[in-house]
Amino acid sequence: MKWRRALSLAGLCLLAPAGAALAQRTDVIVLFNGDHVTGEIKSYATGRLTVETDIGSDLSLKWNRITSITSDKQFEVETTDGAYFYGSLAPSTPPGKLAIVSAGATRELGFFDVVRISPIYQTFWRRWDGSLDLGFNYTQASSIVQLNLNANAIFRRPTFAASASINSFFSSQSGVPSSQRANFSLGYQKFLKDRWVLAGFGGADRNLDLGLDLRLTLGAGYGRFLIQTNRTTLAALLGISGDHENPVTGESTYQAAAVLGVQYSMFTYDFPKVTVNSTLQVLPYLTDAGRIRIEFNAQAKREIVRDFYLSLSIFDSYDSRDPSTQQAKNDWGPVLSIGWTF
């Protein structure tokens, strides 16, 4: 009898967490065709609502197919004008809007006025989003080997976002000097009222084709999201940066530059999901009159199967004064790769 009681108690202990987890998946999403999906809302961004179901798998629901969401949990909701709302979610009357209930009051928002939804008690790891791209090319006739790696991750909270990215490209051909390009960057954004942003950034660059062995950068700026919808964002930034440059040949120097930046992103709802991201930076140097750098990066991703995509990216780096030769130089190229999002 004692052994039976012990086994029964152990079984209850093992089943209790599973039961608690199942009990949490009570959020109800109603689709335009009348279908109901029950689960646990994990997030909404870039036009898709992610829901964890009882069988442990995640569903990605298109935002433009949803007419009602019900949940007794607490969420943070961000709108296109940069405002934040907090509360549980309830059906609207008539259906077609997102109803946020807080302190006994209800605020109804149009579905297309919402750009992000996050559970307030979401775990640390669930707040991360990112992607990883890998590309490789080999041509036997010309003995060309090309390898590229792109990775990025972002951690987002209602009042700030932190990001990190790595971009590298290597090309080698028999009898020709190898080409090496690498960039590591860190960023921080503090969200202010009316879509204004305070930003800090830093990183390291290496580009042998531009005569640069290593550049360390640290800077800050002030910007604004000029456009913020559930399909498109356009942001502009004005700031200043300090650089420490080590050229391939010559002495290292310290430089300061103004930073004019523009960032654009766009995506589509339906399969195949397509995402376009691009950034442009213009840096007129304050300590080296007449020198200007331009950095441009663009990437288009097309979904192949869930969480995997085909990526085409283009980079362009221009420096009116090569750190080694002091002559204008440009480095650009396209990169085709296969990627994974998390």
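P94 is found in the loop between strand 6 (84–90) and strand 7 (97–102), where strands are DSSP E runs of at least two residues, numbered from the N terminus. The peptide bond that leads from T93 into P94 is cis, with omega near -5°. This is a predicted model, in which local features need pLDDT of at least 70 and side-chain atom pairs count only at pLDDT 80 or more, while totals for chains, interfaces and linings use all residues. Residues are numbered from 1 along each chain as its sequence is written, and side-chain values use heavy atoms, with hydrogens and water left out.

Most residues other than glycine have a negative phi, and most peptide bonds are trans. A103, in the loop between strand 7 and strand 8 (105–110), has a positive phi of about 55° although it is not a glycine. A103 is exposed, with a relative accessible area of 84%, where exposed means over 50%, buried under 20% and partly exposed in between, using a 1.4 Å probe and protein chains only. D194, in the loop between strand 13 (176–191) and strand 14 (196–207), also has a positive phi, near 60°, and counts as partly exposed at 44% relative accessibility.

The interior can be described through its nonpolar cores, sets of buried Ala, Val, Leu, Ile, Met, Phe, Trp, Tyr and Cys residues joined through side-chain atoms within 4.5 Å. The largest has 21 residues, and I29, L49, W63, I66 and I69 have the most contacts inside it, a contact being heavy atoms within 4.5 Å. Its largest share, 4 residues, comes from strand 5. I66 touches I29, V30, L31, L49, L61 and F111, not counting residues up to four places away in sequence. A second, separate core of 5 residues includes F191, V197, F225 and A235.
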